[in-house]
Amino acid sequence: MDTPICSASLQSTKQLAGYDVRSKISSDDHSALLIEVKTSTSSLEQAYFHVTSHEWKVAQTSLAYVFHLWCLSGKKRLLAIISPEDIFPYIPTNNLSGEWESAKIPFLSFKSSFVEIA
């Protein structure tokens with residue numbers, strides 16, 4: 001998937017939207033690409049992010065949705081672009097009358113996906 005840096009708009013009603021940025025698939029494909037941005041200033045080994053149940057519902061029902069994980073510790077700027085399929089094993093399930101609200105996931109789970117951004 002060709003993820004553009006430009007041609008994006010920030011979502012002002014994030015709580016309702018379930019994503020942070022609405023972009024497009026590529027310069028040729030103007031279909032919506034929804035991006036949820038997670039950032040940490042902790043080291044990759046100590047960083048975590050949270051996925052809310054609402055964000056997860058939107059990710060599961062969208063045709064194109066990705067998570068951008070930014071690790072901004074020290075001088076390195078690391079980015080991992082993660083699909084909902086890769087997040088799925090970390091998502092809890094609702095049981096009986098209990099419902100999950102947020103899942104805490106370590107950045108380190110996606111260590112091999114991070115690349116340094118200049």
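## Aromatic pairs

Six aromatic pairs turn up in this structure, which is a predicted model. One of them brings together Phe49 and Phe107 in an edge-to-face arrangement, with 5.6 Å from centre to centre and 75 degrees between the planes. This pair ties distant parts of the chain to each other: Phe49 belongs to strand 4, while Phe107 is in the loop between strand 7 and strand 8 (115–116), 58 residues apart. Both Phe49 and Phe107 are buried.

Tyr65 and Phe67 make another pair, and here the geometry can be reasoned through: the ring centres are 5.3 Å apart and the planes meet at 65 degrees, so the pair is edge-to-face, given that an angle over 60 degrees puts a pair in that class. Tyr65 has a relative accessible area of 4% and is therefore buried. Phe67 also counts as buried because its relative accessibility is 0%.

If you like to follow rings through a structure, there is a cluster to trace as well: ring pairs connect Phe49, Tyr90, Phe107, Phe110 and Phe114.

In soluble globular proteins, nonpolar side chains tend to be buried together. The largest nonpolar core here has 25 residues, and Phe67, Leu69, Ile87 and Phe114 are those with the most contacts inside it. At least two residues of this core come from each of strand 4 (48–52), helix 2 (53–61), strand 5 (65–71), strand 6 (78–82) and strand 7 (102–106). Strand 5 contributes the most, with four residues.

Leu69 shows what such a position looks like at the level of contacts. Leaving aside residues up to four places away in sequence, Leu69 touches Lys38, Phe49, Leu78, Leu79, Ala80, Ile82, Phe107, Phe110 and Phe114. Another core, of six residues, lies apart from the largest one; Val21, Leu33, Ala64 and Val66 are among its members.

Ser40 is in strand 3 (residues 32–40). With a relative accessible area of 9%, Ser40 is buried, because the cut-off for that label is under 20%. The side chain of Ser40 reaches the backbone nitrogen of Ser42 at 3.0 Å. Once residues up to four places away in sequence are set aside, the contacts of Ser40 are with Ala47, Trp70, Cys71, Leu72, Ser73 and Phe107.

Ser62 has its place in the loop between helix 2 and strand 5. Its side chain reaches the backbone oxygen of Val58 at 2.7 Å. Ser62 and Ala32 are 30 residues apart in sequence, and their C-alpha atoms are 9.0 Å apart in space.

Ile81 is part of strand 6. Ile81 and Ile35 are separated by 46 residues in sequence and by 9.3 Å in space, C-alpha to C-alpha.

Leu96 is worth a look for its backbone. Most residues other than glycine have a negative phi. Leu96, a residue other than glycine, has a positive phi, near 45 degrees. Leu96 lies in the loop between helix 3 (84–87) and strand 7. Its relative accessible area is 91%, so Leu96 is exposed.

## The chain as a whole

Stepping back, the chain has three helices and eight strands. Read from the N terminus on, the elements run β-α-β-β-β-α-β-β-α-β-β.

Of the 118 residues in the chain, 37% are buried. The chain exposes about 7400 Å², and carbon and sulfur atoms supply 52% of that area. As for contacts along the sequence, take those between residues at least 6 apart: 57% of these join residues at least 24 apart. The pair of Phe49 and Phe107, 58 residues apart, is one link between distant parts of the chain.

Note on methods:
Residues numbered from 1 in each chain as written. Predicted model: local features only at pLDDT ≥ 70, side-chain atom pairs only at ≥ 80, totals over all residues. Heavy atoms only, no water. Buried < 20%, exposed > 50% of the residue type's maximum accessible area, 1.4 Å probe, protein only. Polar contact = N/O pair within 3.5 Å; in protein donor to acceptor, adjacent residues only side chain to side chain. Contact = heavy atoms within 4.5 Å. Core = buried A, V, L, I, M, F, W, Y, C linked by side-chain atoms within 4.5 Å. Phe/Tyr/Trp six-rings, centres within 6.5 Å; stacked < 30°, edge-to-face > 60°. Areas by Shrake-Rupley, 256 points an atom, 1.4 Å probe, with all protein chains shown as cover.
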